[in-house]
Structure formats: C-alpha cells, structure tokens
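Please read the report below alongside the sequence and the model. It goes from the chain as a whole to a few of its side chains.

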Amino acid sequence: MTERKPIGMSFESWVEQQIGDAVDRGDFDGLPGVGKALPPTGDDEDWWFRDYLRRQEVTADVSLPLPLRLRKEADEIDDAVRALTAEDRVRAVVDDLNQRVEQSWRLPADGALIARRVDAEAVVARW
C-alpha cells in the first residue's frame, strides 16, 4: 500500500476503502485459518499454549516439572504395563522409570518434590 490518504477524507473511511479494494482484488482469498473461530478471550490467558499442544498432538503433561511427570507416570504404571505379554518387558518398563527417577535426583532441585522409585515386584504382582 503506497497510496496516501486523500486530504479531507477521514482515516476510517480511507481504511475501509483500502479493505474494500483488497477484497475486490481477492487479497483475502485462501488465507490460512479461513472459516475457523477466533481464539477465546476473557480470563483464559493460556489458550494459545493449550491450542499449540493440541496442534502438536501432545498432552499438557510436558509442561509439568520432571518430578511431577515421574510421579504421574509411576501412578499410571499399572495401565502402562497391562497390555504387555512378558514379565521381562514389565520389569524393563519399571527399570526404565526407576532409572529416570534416579537421574532426576541428580538434577538441581527446582522445589521440594522428589519422585520415588517404583517397586518392580509389586508391579509384577499386580500385572
């Protein structure tokens, strides 16, 4: 847009004329997001973050601190191993989780949360 606003024309009228001319030329045809709802407004300040996670097909768990992620994974370990068909695979999943828990102990603490190791024998017994 290199055109200057004509003298005597209000700014609003000139902008509306520019928009109308662009529509007539088809400048707005085929833009990404056409037909999609505008982002929510109001009290939800993190709408963009949730929308980004949804588009990337990941859960909000990735935003949790590591100890909380590990605790959640430990709480859901029975569901994670339910479909496995061999005891050694169940133990491998538990061992992997326990190794990541131990590694988290070596990281600088970002709070008082500490993840605990999972008892492999108890998980195998429930499996």
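Among contacts in the chain (heavy atoms within 4.5 Å) between residues at least 6 apart in sequence, 50% join residues at least 24 apart. This is a predicted model, in which local features need pLDDT of at least 70 and side-chain atom pairs count only at pLDDT 80 or more, while totals for chains, interfaces and linings use all residues. Residues are numbered from 1 along each chain as its sequence is written, and side-chain values use heavy atoms, with hydrogens and water left out.

The predictor's confidence in each residue, pLDDT, runs from 0 to 100; its mean over the chain is 82, and 89% of the residues reach 70 or more. Where pLDDT is low, the predicted coordinates should not be read in detail.

The chain has six helices and zero strands, where helices (H or I, at least four residues) and strands (E, at least two) are DSSP runs numbered from the N terminus.

Rings of Phe, Tyr and Trp (its six-membered ring) pair if their centres lie within 6.5 Å, and planes under 30 degrees apart count as stacked, over 60 as edge-to-face and the rest as tilted.

| Pair | Centre to centre | Angle between planes | Class |
|---|---|---|---|
| Phe-11 and Trp-14 | 6.3 Å | 45° | tilted |
| Trp-48 and Phe-49 | 5.8 Å | 70° | edge-to-face |

Phe-11 and Trp-14 are separated by about one helical turn because they stand three residues apart in helix α1 (residues 11-25). Trp-14 is buried, at a relative accessible area of 8%, whereas Phe-49 is partly exposed, at 28%.

Which residues make the nonpolar surface patch of about 340 Å²? The patch is made by Ile-19, Val-23, Phe-28 and Leu-31. Phe-28 lies in the loop between α1 and α2 (47-56), and its relative accessibility of 42% makes Phe-28 partly exposed. Patches of this kind are made of residues with over 30% relative accessible area and no salt bridge, with like charges joined within 9 Å and nonpolar side chains (Val, Leu, Ile, Met, Phe, Trp, Tyr) within 5 Å; a salt bridge is a side-chain nitrogen of Lys or Arg within 4 Å of a carboxyl oxygen of Asp or Glu.

Methods. Buried < 20%, exposed > 50% of the residue type's maximum accessible area, 1.4 Å probe, protein only. Areas by Shrake-Rupley, 256 points an atom, 1.4 Å probe, with all protein chains shown as cover.
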